[in-house]
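Trainee: I'd like to learn how to read a model like this one, feature by feature. Can you walk me through it?

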Amino acid sequence: MNEHRKSDSLIVPEKHPNKGSGILRPAEGVEERSLAKGNPIMQNRSRTQRRGDLQIELNRIRQLAMNDKEMQFTALWHHVYDVDRLREAFYGLKRRAAPGVDGETWQNYSKDLEWNLQYLSDRLKAGAYKAKPVNRVYVEKSDGKQRPIGILVLEDKIVQKSATEVLTAIYEADFLGFSYGFRPGRSPHNALDALTVGITIKKVNWVLDTDIRGFFDAISHEWLVKFIAHRISDRRVVRHIKKWLNAGVLEDGELTRKEEGTPQGGSISPILANIYLHYAFDLWAHQWRRRSARGEVIIVRYADDIAMGFQYRDDAERFRKDLKKRLEKFNLELHPVKTRLIEFGRFANEDRKKRGWGKAETFTFLGFVHICSQTRKGRFMVQRQTIRKNMQRKLKEVKAELRRRLHDPVPEVGKWLRSVIMGHNRYYGVPGNSRAVHAFRYHVIRYWHRALRRRSQRTKHTWVRMRRLIKSWIPNTRILHPYPEQRLSVRT
């Protein structure tokens, strides 16, 4: 192997003669130009063929994981640094995402993509790759608090996305059915459907609305590595996961490193969170349900959002007490205010009315308020409505953006508003929530009309013209999702 000089963050290849061999292709590595015509890195297979080969490799890993639940994988890292997989990961990234601490953008990296990917692959293979700190920014949550988001450098995004595909092939064979968050083929609406159908057809009288305080910031690195070691004994995979966990966070120019937490925003953070909760919560909760519960228990988890239904109150109270002890063992804590046990189910309103307590309480899950209600024929149903704070926050953002776009061409603003309303309708357009989605559209139209009237001090923007704009740009809202039992029956 040829000698290399090590700098703080790169391996810089020594100059080689054109016929030499080294970590990088000699001519391209020295002069940093695109691959020569004769180099067969991309020419030997089409992109479709490469994608098919990559899927075949993942299918083999997936099959091994399914056939042997105790199997430990000893050789995985070569799948991660495969240039074809890195290329697929690169094209799977958002092209206009904010750059990390190094300022590298997707467009700039793509100018000499093949050389960059080959150089990245060689560093990963040689163990010379170093993870860079995460740039932390904050976004406002629906409750007014700030949610920390980590912005990774581009190469960390590429490698993490590649590693996530490999890890997913293994752990999809292990994850339980009631886990829905950040998994292929599963969405928030699948979790919402499972919860709604579970409450409707099972003997559920009590709901435990669970919230884990600061979950992503509380994940123990030590426990996470132990959990991963159950399935993966390839030291290179574990070593690079440690690199990402220990890279540190850059905030206001100050670098901090902690032994806890994974930065939200990284490609690998969701699956690491799922692995952590799989061992800390899922397996234990499933076992508790089978061995300790007197009545029926349903569990639905989407990332760190957990909703559970119980037939008996004493089961729910014992589970809450045992869960608190279980999570404390793994450096996690139940939120004392947001974790609530409420009476909820088909007989909740009737039973509470007999006691003179009024209607059943509501709980929130994945952006919806869940309410005990009835169909027109008097049958029990779980009604789901948009959380008011979420709608108000989104309308506030729309109002601020309309001010910023005050003097932009009307067609551009109309096109943007169409995407906003369609996106909102795609998520919140569930049966029983038509009033809320119509209200969102109405307020957006009202804000746009007000903004158009402010564009000129001479004339008023009449509703006659406004109706023409609405017809051209603002789509009608409608219920897009089927009833939960219909979609769930099709899936199963």
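Predicted model: local features only at pLDDT ≥ 70, side-chain atom pairs only at ≥ 80, totals over all residues.

Trainee: In what sense do E3 and strand E4 pair, and over how many bridges?

Mentor: E3 and strand E4 (residues 146-151) run antiparallel, with 6 bridges between them.

Trainee: Let me zoom out for a second. How many helices and strands are there in the protein chain?

Mentor: The protein chain has 19 helices and 13 strands. It counts 492 residues, 48% of them buried. As for contacts with a separation of 6 or more, 69% are between residues 24 or more positions apart.

Trainee: Which residues of H13 are buried?

Mentor: They are Asp-315, Ala-316, Phe-319, Leu-323, Arg-326 and Leu-327. Look down the axis of H13 and these buried residues fall within an arc of 90°, so they line one face of the helix. On the other side of H13 you'll find Lys-321 and Lys-325, which are exposed.

Trainee: What covers the buried residues of H13?

Mentor: The cover includes strand E5 (206-211), helix H12 (269-291), strand E9 (305-310) and strand E10 (340-343).

Trainee: On to aromatics. How do I describe a ring pair?

Mentor: You give the distance of the centres and the angle of the planes. This structure holds 21 aromatic pairs. One of them is Phe-90 with Trp-106, a stacked pair at 4.6 Å centre to centre with 10° between the planes. That pair links distant parts of the chain, since Phe-90 sits in helix H4 (residues 83-91) and Trp-106 in helix H5 (residues 106-110), 16 residues apart.

Trainee: Why do Phe-90 and Trp-106 count as buried?

Mentor: The cut-off is under 20% relative accessible area. Phe-90 counts as buried because its relative accessibility is 0%, and Trp-106 does because its value is 9%. Now try Tyr-171 and Phe-175, also a stacked pair, with 5.9 Å centre to centre and 20° between the planes. Tyr-171 is buried at 0% relative accessible area, and Phe-175 counts as buried at 8%.

Trainee: Which residues do ring pairs link into a cluster?

Mentor: The cluster joins Phe-215, Phe-216, Trp-223, Phe-227, Tyr-276, Tyr-279 and Phe-330 through ring pairs.

Trainee: One last thing to read: charges over rings. Where does Arg-186 lie, and where does Arg-294 lie?

Mentor: Arg-186 lies over the face of Tyr-180, 4.7 Å from the ring centre. Arg-294 lies over the face of Tyr-312, at 4.2 Å from the ring centre.

Note on methods:
Residues numbered from 1 in each chain as written. Heavy atoms only, no water. Phe/Tyr/Trp six-rings, centres within 6.5 Å; stacked < 30°, edge-to-face > 60°. Helix = DSSP H or I, 4+ residues; strand = E, 2+ residues; numbered from the N terminus. Buried < 20%, exposed > 50% of the residue type's maximum accessible area, 1.4 Å probe, protein only. Lys NZ or Arg CZ within 6 Å of the ring centre and 35° of its normal. Arc of directions from axis to C-beta. Contact = heavy atoms within 4.5 Å. Pairing = 2+ DSSP bridges.
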